[in-house]
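Hello,

Here is the structure I promised to pass on to you. Have a look at it first, and then read on for my notes on what turned up.

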Amino acid sequence: MTKNPLSAHIRLNPEDFAPASDAQKASQVVMRESVSFWKDGFRRLMRNKVAVVSAIVIILIMIFAFIVPLFYPYKYEVQYKNANNLKPFTYSAEEQARIDAGEKVFPHVFGTDKMGRDYAIRVMVGTRISLLVGIVATAIILVIGSLYGSIAAFFGGWVDIIMMRIVDIIYTIPDILLIVLLSFALKAPLNNLAATPGFTWINKVGPNLISIFIVFALLYWVGMARMVRSQILTLKESEYVTAARALGVGRGKIIKKHLLTNCIGTLIVTTTLQIPSSIFTESFLSFLGMGVAVPLPSLGSLASDAINGIGTNPHLLFIPAIVICLVILSFNLLGDGLRDAFDPKLKD
Amino acid sequence: MDEKYLVDIQHERLSFFTPAGEVKALSDVSIHLKEGEVLGIVGESGSGKSVTAYSLMGLTAYPGRIIGGTLQFNDHQVETMTEKEMRKIRGNEVSIIFQDPMTSLNPVYTVGNQIVEVIRLHTGKTKAEAKARAKELLELVGINEPEKRLKQYPHELSGGMRQRVMIAIALACEPKLLIADEPTTALDVTIQAQILELMMELKEKLGMAIIMITHDLGVVASICDNIAVMYAGKIVEYGTTDQIFYEPKHMYTKGLIRSIPHIDAKEHERLIPIEGSPVDLLNPPPGCPFAPRCEACMQICLREMPPVTQFEGNHITQCWLNQKEEFEKGEYNE
Amino acid sequence: MVKYLVKRIVLAIVTIWAVATLTFFLMNAVPGGPFLSEKAISPQATAALEAKYGLDKPLIQQYFTYIGDALHGDFGDSLKQRGRTVADIIGMKFPVSAKVGGISVLVALIIGSLLGCIAAINRGKVMDSIVSVVSTLGIAVPSFVLCTFLLFIFGVKLKWLPTMGLSTPAHYIMPVIALAFYPTAYIMRLMRSSMLDVLGQDYMRTAKAKGLSGKAQLFKHALRNAILPVVTYVGPMLAYTITGSFVVEKIFVIPGLGGEFIGAIQGRDYTLIMGTTIFLAVLIIVMNVIVDIVYKIIDPRINLK
């Protein structure tokens, strides 16, 4: 037998050859901590700087859209006299006189539009409308889509085939063509409805907004329905659900424990990514003059109104345009971050 | 010892440089085999058996890198070869069969296309000649109706059939060395036996050497001349098949052998599993990597890597137990 | 294959019928006829006009008449542009839109796949980061925002590019960029992730183990697999390009079908709206069927049943 040359450096004692205890052995193994799905996902999300920054940007934008207007000294629909087309941080003659008289006048941070309305508040309210459209429309899509998809998946058979054929047809209909038509066609019936007693609330929300919601609800749920159905079908077939069933776990518990926890990650991600796409479509419609009605602004209509003055007042176009991009970008990046963090299939 | 080796890997060290740190996939691995020999490399997933074989073909996946040792194959010094030189021997002098035949063939090309491709790459054959050769190869690996099969896509073939196609591709240029990376793991048991038999038959016919990578001791027992047992990036025991099976020296090898089912086992005899799980190669312990799972673990095992102990022939192992006797005889500390 | 084709075509016909029906009844739900805005016309004249175009008949009858005519390829006359048939208008305006749209689709496919590939191959390097940033921005910028920015910078401020019409090749630059930007960004993302996926596949390892050069591995083995998701995106991309053209044609004053469509809706030109919607829907649906068949040719695993 040969000796390892290295061993010459090591001085050995008889104790070295004494058996090691289990505790000693265990101390050698560094076990990675096991954490729950949500905690693990949340930790990953927090490590993703881009997603965290996007979430902060979204919160800031929401504060500006929903909270700041409550305290803001100007109103979005009020036309201030002789204050047309003011540049940012300038004042109309009257306001200047008041300042000279020692009064404090809140500056027009973004100037005013051609009708003398404070642009900053209009952008804020426009952002609010766009966000509302995005979030409410997505909520509607989520509810209809997941109900439809899960019904098709659970019943299976003929029900599933017929339901999915309908989805196929709606899916191949060029959506924007119909959205344009629908939003146009729905305006009048909604106005009539708003005039009848009991439906006056429609005027408060705005018939155009409601028609946009209906349009989205009618057309955009199909993607969600397909996704939910395929998720549930894969899960239904998956081995761990079969295993749970074989072990005698009840139906309700399987749905709650396995189907829901596995679906919800994908559902959250799809929802987050649906919000910017709804905002995208709304701003597109508003830009074409088919969105919300005056004097209510949305980011798309603000940009559309500003386009004729692009040579003289480009900031009126750029501010809402940049806000739209920022909103869509933040939601997209947050959605990507959520997918990386919560989609169990991507887990490394 | 003067005999020429076809493969001679000496003290190879290889690491994967991941964002989380350096993963020491191989630390001081030495293996060698002669022409026409069959070497089995046995170990569990992550022990480095595939990494060793891949590095010999220059197939180490990013971010892995050879950081030490020498790799010699058929008069080539592999660790110094450029990618371009490497390409000339891959698929030609050395080829490989992968574990999963379902995913190892490109789904969008016909079987014929994929065999002809490698033939034309390494030989000057014309399209027609290459096609004739492809047909010959399919016959060789026992596929009937080769003419028809050549025109089929991989998804139209069964798993066993696809593995035969993989073998045909590997043997297309009559390599000196065939690396088989768990070639039967993904197949049904009956097909497994057929594929192993086919490989042995082809080895007799063509005279190539084979490195058989597997976690299944049953596979190596019947076909290998020598066996290397790997654990956590190290070769813990190396010897002839008989030595490994009848005189295992390392506790891990002993554990592996005990965990094979015996046909003549007594009724109440149970299989003995090896408890615990492999070490984290990101933070390897200072001592023997198997120590935490070893039932004969000693104090020294936790602290120091065991030296190499050599028995008769080329039978070597790395385990402190084999040094214990030595120490008690007083050969140390003098 | 034949069975699949039949099934696809039946589904396509049902879809087109659904679109036509929906459009027809939606249109008629909009209050105010095409002739209301023309104040000078007397009620008698309006009635006469309505009678001429069959608008006085019951809705259901109008519907069947329309569908019957449409099946013969007759979409009727435009209600607003007197003396011109809908088919004439489409035939005149569509080639303009198709030219801009076609160039944009090609630009998006070529540049998008190329950059996506390059990013995947250089994963984690500078080129990859640039592509990631561009593609992330690209899918966050609505086409009208991009249009107006381009118009302002290159048209109004720098005066490098013409802003209206399509008379010279230079006129195409801004509309094509505006229209191709989103699909390019989307294809870049798609191509990058699918290429990364393919590069990690076992058959790529086989290709390398055969001794193929990097180029042969990439062009022969990776590309054809990686391009598959991009092919499936061609259908939605066409739909996007068509709707995107509404905005682009409005901003850059291009006499195409998109602008015509918006004008028709605002003028309640029923027959033109119907004709345009059905025409575009048929176009998109037929293209989708063609894309499916192309997909089958590239990917032999898809069994068209």
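Before the sheets, one term: two strands pair if DSSP finds at least two bridges between them. Please also keep in mind that this is a predicted model.

**The sheets of chain B**

With that term in hand, look at chain B, where eight strands form an open sheet in the order 6-7-8-3-9-10-12-11, with mixed pairing. Strand 6 (94–97) and strand 11 (308–310) of chain B are at the edges, and each has a single partner strand, so one side of each has no neighbour in the sheet. On average, and ignoring direction, neighbouring strands of this sheet are turned by 20° against each other.

On one side, strand 6 of chain B runs parallel to strand 7 of chain B, and four bridges join the two. B:Val94 is the residue opposite B:Leu177 in strand 7 of chain B. Strand 7 (residues 177–181) of chain B also runs parallel to strand 8 (residues 209–214) of chain B, this time with five bridges. Two of the partners in strand 8 of chain B are B:Ile211, bridged to B:Ile179, and B:Met212, bridged to B:Ala180.

Is strand 7 of chain B mostly covered or mostly open? It is mostly covered, as five of its five residues are buried. In a regular strand, side chains alternate between the two faces of the sheet. Here, B:Leu177, B:Ile179 and B:Asp181 point one way from strand 7 of chain B, while B:Leu178 and B:Ala180 point the other way, and all of them are buried.

Chain B has another open sheet, made of four strands in the order 2-1-4-5 with antiparallel pairing. Its edges are strand 2 (21–33) and strand 5 (76–77) of chain B; each has a single partner strand, so one side of each is left without a neighbour in the sheet. Nine bridges link strand 1 (residues 7–18) of chain B with strand 2 of chain B in the antiparallel sense. There, B:Asp8 is opposite B:His32 in strand 2 of chain B.

**Chains A and C**

Chain A has 14 helices and zero strands. Of its 348 residues, 38% are buried. Among the contacts in chain A with a separation of 6 or more, 70% are between residues 24 or more positions apart.

Chain C has 12 helices and zero strands. Its C-alpha trace spans about 85 × 60 × 30 Å along its principal axes. Buried residues account for 41% of the 305 residues of chain C. For contacts in chain C with a separation of 6 or more, residues 24 or more positions apart supply 75%.

How do these chains meet? In the contact between them, 35 residues of chain C touch 33 residues of chain A. On the chain C side, the elements giving two or more residues are helix 1 (2–29), helix 6 (143–157), helix 10 (228–251), helix 11 (257–266) and helix 12 (270–298) of chain C. Helix 1 of chain C gives the largest share of that side, with 10 residues. By class, the side of chain C that touches chain A has 28 nonpolar, seven polar and no charged residues.

**A helix pair inside chain C**

Two packed helices are described by the angle between their axes and the distance between the axes. For helix 7 (residues 169–199) and helix 10 of chain C, the angle is about 160° and the axes are 10 Å apart. Angles over 145 degrees count as roughly antiparallel, and therefore helix 7 of chain C is roughly antiparallel to helix 10 of chain C. Their crossing is right-handed.

The residues that meet include C:Ala178, C:Tyr182 and C:Tyr186 in helix 7 of chain C, and C:Tyr233, C:Gly244 and C:Val248 in helix 10 of chain C. This contact has 15 nonpolar, four polar and no charged residues.

Finally, a closer look at C:Ala178, which is in helix 7 of chain C. Why does C:Ala178 count as buried? Because it has 27 C-beta neighbours inside 10 Å, and the cut-off for buried is 20 or more. Leaving aside neighbours within four places in sequence, C:Ala178 is in contact with C:Ser143, C:Leu146, C:Cys147, C:Leu150 and C:Val248.

Note on methods
Residues are numbered from 1 along each chain as its sequence is written. Chains are lettered from A and ligands numbered from 1 in the order in which they are written. This is a predicted model: local features need pLDDT of at least 70, side-chain atom pairs count only at pLDDT 80 or more; totals for chains, interfaces and linings use all residues. A residue is buried if 20 or more other C-beta atoms lie within 10 Å of its own, exposed if 12 or fewer, and partly exposed in between; C-beta atoms are placed from the backbone. Two residues are in contact if their C-beta atoms, placed from the backbone, lie within 7 Å. Ala, Val, Leu, Ile, Met, Phe, Trp, Tyr, Cys and Pro count as nonpolar, Asp, Glu, Lys and Arg as charged, and the others, Gly among them, as polar. Axes are lines fitted to C-alpha atoms, for helices over the stretch in contact, and angles run from 0 to 180 degrees between N-to-C directions. Angles under 35 degrees count as roughly parallel, over 145 as roughly antiparallel, 65 to 115 as roughly perpendicular and the rest as oblique. A crossing is left-handed if the near helix is turned anticlockwise from the far one by less than a right angle, and right-handed if clockwise.
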